[in-house]
Amino acid sequence: MPLPRSTQISLDATPYYHCVSRCVRRAFLCGRDRESGIDYEYRREWIESRMHKLSEIFALDIAAYAVMSNHYHVVLYIDRETALSWPNTEVILRWQKLFKVSTLALRYLRGDTLDYSETNKLNEVVTLWRERLMDISWFMRCLNEAVARQANAEDHCTGRFWEGRFKSQALLDERALAACMVYIDLNPIPANIAKTLEDSDGIFQDSCRLSLLCSSLSFRLRSLWI
């Protein structure tokens with residue numbers, strides 16, 4: 001039985017996680033369907049644009065990604081310090097870009113005076129939204145649901161587009177992070193999406209800057225363990 005996501009993600013261990021989502025049936029994220037001849041390459045833009053939009057809302061940074069024909073990889077960094085530094089107004093405005101907010105939150109944004117009980121209730125809700133804005137599960141939910149709706153509408157069908165819940169793997173040290181990012185960068189080559197890394201422009205984040213990235217991450221990772 002799969003483990004609860006909460007037991008798989010621990011910021012005390014590492015803020016870096018490798019996530020993978022795969023399509024069901026013969027659904028395509030991108031590339032050409034050899035049987036039908038339909039080219040779904042334009043769908044790559046769906047997931048890339050949505051991914052980058054969400055990274056601007058969530059306290060999550062994209063370290064690397066690769067969109068394949070029927071699945072995608074993404075390495076996410078959970079920026080807890082940034083999320084905790086947001087004032088209540090910032091949290092509400094960010095959450096409002098994804099979902100409807102309560103009347104109480106709208107009153108707060110307007111500058112209305114809240115009584116003691118209303119203030120406590122608002123703080124509880126904002127705390128919940130803040131936690132979700134640095135939650136990988138909520139990031140992946142917002143990403144996958146949007147893509148699934150677009151694909152199902154275009155394919156004139158209903159039901160699952162993704163194969164169950166996404167898979168995640170903790171990257172516990174610099175070595176694991178580097179190995180995972182190299183794997184993601186090279187993934188399009190054996191899949192015949194690209195012949196060289198140079199041909200893969202636009203398939204993944206510019207993680208060819210790996211040595212520079214790992215140097216800058218070194219302090220972040222060590223600071224968690226000191």
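This is a predicted model: local features need pLDDT of at least 70, side-chain atom pairs count only at pLDDT 80 or more; totals for chains, interfaces and linings use all residues.
**Entry on Ser21.** I began with Ser21, which lies in strand 1, the stretch covering residues 16–22. I looked up its relative accessibility and found 3%, and because buried means under 20%, Ser21 counts as buried. I then asked which residues Ser21 touches once those up to four places away in sequence are left out. The list I noted is Asn70, His71, Tyr72, Met140, Asn144, Trp162 and Phe166. With Asn144 there is also a polar contact of 2.9 Å, which joins the side chains of the two residues.

**Entry on helix 2.** Next I turned to helix 2, residues 43–57, and checked its length: at 1.5 Å a residue its 15 residues should span 21 Å, and I found its end C-alpha atoms 22 Å apart, which agrees. I wrote down that the buried residues of helix 2 include Trp46, Ile47, Met51, Leu54 and Ile57, and that Arg43, Arg44, Glu48 and Ser55 are buried as well. What covers these buried residues includes strand 2 (60–67) and strand 3 (71–78), together with helix 4 (88–96) and helix 7 (136–155).

**Entry on helices 5 and 6.** Last, I looked at how helix 5 (residues 103–110) packs with helix 6 (residues 116–132), and I noted an angle of about 100° with the axes 10 Å apart. The two helices are therefore roughly perpendicular to each other. From helix 5, Leu104, Ala105, Arg107 and Tyr108 meet Glu118, Lys121, Leu122 and Trp129 of helix 6. Sorted by class, this contact has five nonpolar and three charged residues, and no polar ones.

Definitions and conventions
Residues are numbered from 1 along each chain as its sequence is written. Side-chain values use heavy atoms; hydrogens and water are left out. Axes are lines fitted to C-alpha atoms, for helices over the stretch in contact, and angles run from 0 to 180 degrees between N-to-C directions. Helices (H or I, at least four residues) and strands (E, at least two) are DSSP runs, numbered from the N terminus. Angles under 35 degrees count as roughly parallel, over 145 as roughly antiparallel, 65 to 115 as roughly perpendicular and the rest as oblique. Contact means heavy atoms within 4.5 Å. Ala, Val, Leu, Ile, Met, Phe, Trp, Tyr, Cys and Pro count as nonpolar, Asp, Glu, Lys and Arg as charged, and the others, Gly among them, as polar. Buried means under 20% relative accessible area, exposed over 50%, partly exposed in between (1.4 Å probe, protein chains only). A polar contact is a pair of N or O atoms within 3.5 Å; within protein, one must be able to donate a hydrogen and the other to accept it, and residues adjacent in sequence count only if both atoms are side-chain atoms. The expected span of a helix is 1.5 Å times one less than its number of residues.
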